[in-house]
Amino acid sequence: MEIMQVVLIAVAVLALIALICGVMLTVASKFMAVEEDERFPQVRECLPGANCGACGFAGCDGYAAALVEDPDLSITLCVPGGTGAAQQLGQVLGREGGDVARMVAEVRCGGTCAATSAKMDYEGIESCTAAKLLFGGSGSCVYGCAGLGDCVRVCPEQAIYLVGGIARVEPQLCTGCGLCAKACPNDVIAIRPADAKVVVDCNSPQKGADVRKICTAGCIGCKLCERNCPTEAITVTDNLASVTYEKCVGCGKCVEVCPAGCIIGLNLATASARKEG
């Protein structure tokens, strides 16, 4: 009988504790609850779900939450969603929609198998990040594309492919999310305007003589492009040419005078030649 009483008391105590905890949780959920703006699901639905962080927030949920909280936050920050997403956001939030400049990824490297060579045989994990840990990678140029496909694996649109030992981007498929750029351990991939007229396919800051020893397609910092550009759209800093896209008119002077051929004019013929490798 005594044992039964002990058991009943224990059960009663546990039941009382459970009841008290339940009441406390109910009270806490009522007074500490964070009310969700009813517009959040609608705003979130307008975003593509790439969760790339190009907007500056931690994924689409973060951007959606910020939009409903801050009426002054721009609705044109979603690069993958583009103008379409901005217009939908404008309708949901009652704001005027804006245009979003279309962006695409660019692999700033022309170091194909024909232009450069490997300094060693790499036998390990098929990952650019892993290969870089071993003396900077297997390529002669430590600033170039490692060609092991980290960018290919993270691209949600399958817009990147490997050809000739390096990565290339299919502009028509690319949404400019920037996930490939974040995955590249050599910072070879940059995000550029989709309507850019020319690009510099090199990422090496080495001096011209050193570049020539390891890659025939690398920028040698000769400044011929800089001196011949009529709009001062291309400059050479730290032995590497770069383009200010807003100034470029697409005259092609820089492409003509580049002795290394690392400045590429963007047109259908060029894109086709690249893809064929």
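A pocket, as the word is used here, is an open set of grid points with protein on both sides within 12 Å along at least five of seven lines. In this predicted model, the largest pocket has a volume of about 420 Å³. Its lining is made up of 34 residues, and those closest to the centre of the pocket are G111, T116, G139, S140 and C145. The table sorts the lining residues by class.

| Class of lining residue in the largest pocket | Number of residues |
|---|---|
| Nonpolar | 14 residues |
| Polar | 18 residues |

S204 is placed in the loop that runs between strand β5 (198-200) and helix α8 (208-214). Because its relative accessibility is 3%, S204 counts as buried, the cut-off for that word being under 20%. The side chain of S204 comes to 3.2 Å from the backbone nitrogen of Q206. When residues up to four places away in sequence are left aside, S204 is in contact with C141, Y143, V211, N239 and L240.

Another part of the model shows how two strands are arranged beside each other. Strand β2, which covers residues 160-163, pairs with strand β3, which covers residues 166-169, in the antiparallel sense, and four bridges join the pair. Within this pairing, L162 has A167 of β3 standing opposite. The hairpin formed by β2 and β3 has two residues between the strands, and in this hairpin G164 adopts a positive phi near 65°.

Conventions:
Residues are numbered from 1 along each chain as its sequence is written. This is a predicted model: local features need pLDDT of at least 70, side-chain atom pairs count only at pLDDT 80 or more; totals for chains, interfaces and linings use all residues. Side-chain values use heavy atoms; hydrogens and water are left out. Buried means under 20% relative accessible area, exposed over 50%, partly exposed in between (1.4 Å probe, protein chains only). A polar contact is a pair of N or O atoms within 3.5 Å; within protein, one must be able to donate a hydrogen and the other to accept it, and residues adjacent in sequence count only if both atoms are side-chain atoms. Contact means heavy atoms within 4.5 Å. Two strands pair if DSSP finds at least two bridges between them. On a 1 Å grid over the protein atoms alone, a cavity is a set of points where a 1.4 Å probe fits but cannot get out, and a pocket is an open set with protein on both sides within 12 Å along at least five of seven lines; lining residues have an atom within 4 Å of a point. Grid points are joined across faces, edges and corners, and a volume is the space filled by probe spheres set on the points. Ala, Val, Leu, Ile, Met, Phe, Trp, Tyr, Cys and Pro count as nonpolar, Asp, Glu, Lys and Arg as charged, and the others, Gly among them, as polar.
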